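User: Could you take me through this structure step by step? I would like to start with how the strands pair.

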Amino acid sequence: MRTARFTLDPAFTVGEVSPRLFGSFVEHLGRCVYTGIYEPDHPTADEAGLRQDVLDLVRELGVTAIRYPGGNFVSGYKWEDSVGPAEDRPRRLDLAWHSTETNRFGLSEYIAFLRKIGPQAEPMMAVNLGTRGVAEALELQEYANHPAGTALSDLRVAHGDKEPFGIRLWCLGNEMDGPWQTGHKTAREYGRIAAETARAMRQADPAVELVACGSSGQSMPTFAEWEATVLAETYDLVDYISLHAYYEPVDGDVDSFLASAVDMESFIENVIATCDHVGARLKSKKKINLSFDEWNVWYLSRWEERARTFGRHDWPEAPRLLEDSYSVTDAVVFGSLLIALLRHADRVTVACLAQLVNVIAPIMTEPGGPAWRQTTFFPFAQASAYGRGEVLDVRVDSPTYRTAKYGETDLLHATAVRAGDGSVTVFAVNRGRTDALPLEVALNGLGLTRVVEHSALADDDPDARNTLDAPARVTPHPVEGTALTDGRLDAVLEPLSWNVIRLA
């Protein structure tokens, strides 16, 4: 097996990692909220009904910005339903997920949840531009953020929240390019209402940060044209454009699945090119950054198959939806997607893992029972813990393998982050399913002298996973033999593995 190599040099960098890169997503979908983060009758529930076992895991995971309340759910969302005394809130049909929404968990509970996670947890609020518009967005902004002295801010105070919520980051709708979206619009229609909403929200508060809806995926037939049209309307009014991407093996093609980050990086680079083209055309010096505010491994085909079986009159409360169980293979792909985000940290400055609990999530719960970590929990927690600082430019020289979807693809996918104290963490994936991959890294001018730790997530069974009955079946393990000598790091990456190598 040929050795994979790359060089690290502090003179060649990508950019600073934004804390918001480690965001997540809570949607009123399935059991993400109810019996996920919120279960008043659970033995660990606090006075607000929040599961403290889940709060502990969320803190350990290291999430920052948390997007809410959707997702597809937001296009039918009436924010007024989610405030005031919980017992007075109306029950509604949720068209997005064919469920009944009780509204027992609402805006105030979401903010309380964030505050209990800690100061790193920042609200990222979506407004409904599907079935509603400018007026409702302004009303929500006033209720949430104005200190006092107006009808809606005083209503918030009367509801028990004296202090404003301080929401700075707002999404202007969700996936409005998708025909599945309630209130789906053409690019021109959406661009106009997004611009009008952005302009009005900035009149109320010039400091808001706004995310325009980009394409729901690179495979959408309107991709790139959608971004160009929307940005032509909103370029000077918004700060970000969104990207969404989910990956699963198709027809058993595991090799292509392992190379999913090839598509993710292409998606990012194509959106950057489109943004910069529009900026050039408008003769603007402003740069639009990217909000990759939905990403994950998602076995979407399973959901689509189940959705076809729903009865017209079946509207359950908090049904078990999208509760994918993640294997070691899934976790390696997931880690590779994290690497892709870090490799573009100069322009991807917001990212949200979709979702946080139970729904395609790193954390699972059982109603009335335990909470546990899925395999994907570990790459995210490690990236959040050790991926803060400046991303170093990594250009790999790697052996390749053949994939049906992406052609010849590197076996090694890697990046490195230099922290403020000068330490460096290498994140690396070996996509090879059968062979270990030797790795050599030349370290120029970094002053590194020792290996602090090399851990790997890998298993002899690539389908191994953590379950209710075996919640700790898969965890990262230490790797022996990794050495740093005379400015060169030598390591061996196990087959089908996610690796974290910390150097000081």
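Analyst: Strands β21 (residues 451-457) and β25 (residues 497-503) are joined by 6 bridges and pair in the antiparallel sense. Here strands (E, at least two residues) and helices (H or I, at least four) are DSSP runs numbered from the N terminus, and two strands pair if DSSP finds at least two bridges between them. This is a predicted model, in which local features need pLDDT of at least 70, side-chain atom pairs count only at pLDDT 80 or more, and totals for chains, interfaces and linings use all residues. Residues are numbered from 1 along each chain as its sequence is written, and side-chain values use heavy atoms, with hydrogens and water left out.

User: Which residue is the bridge partner of Ser 455 in β25?

Analyst: The partner of Ser 455 is Val 500.

User: What is the strand order in the open sheet?

Analyst: The order of the 7 strands is β2-β15-β18-β19-β25-β21-β22, with antiparallel pairing. Strands β2 (13-16) and β22 (477-478) each have a single partner strand, so one side of each is left without a neighbour in the sheet.

User: Which strands does helix α11 lie across?

Analyst: Helix α11 (residues 377-386) lies across β18 (412-418), β19 (424-430), β21 and β25, and runs at about 20° to β25. The angle, on a scale from 0 to 180 degrees, is taken between N-to-C directions of axes fitted to C-alpha atoms, for helices over the stretch in contact; contact means heavy atoms within 4.5 Å.

User: How many residues of α11 are buried?

Analyst: In α11, 8 of the 10 residues are buried, among them Phe 377, Phe 378 and Phe 380. Buried means under 20% relative accessible area, exposed over 50%, and partly exposed in between (1.4 Å probe, protein chains only).

User: Changing topic, which way do the side chains of β8 point?

Analyst: In β8 (residues 169-172), Leu 169 and Cys 171 point one way, Trp 170 and Leu 172 point the other way, and all are buried. In a regular strand the side chains alternate between the two faces of the sheet.

User: What does β8 pair with?

Analyst: Strand β8 runs parallel to β7 (residues 123-127), with 4 bridges, and Met 124 stands opposite Leu 169. Strand β8 also runs parallel to β9 (residues 209-212), again with 4 bridges.

User: Lastly, what are the domains?

Analyst: The domain assignment, which is automatic or from a database, gives domain 1 (4-9 + 393-503) and domain 2 (17-389). Their C-alpha centres lie 30 Å apart, and 43 residues of domain 1 are in contact with 39 residues of domain 2.
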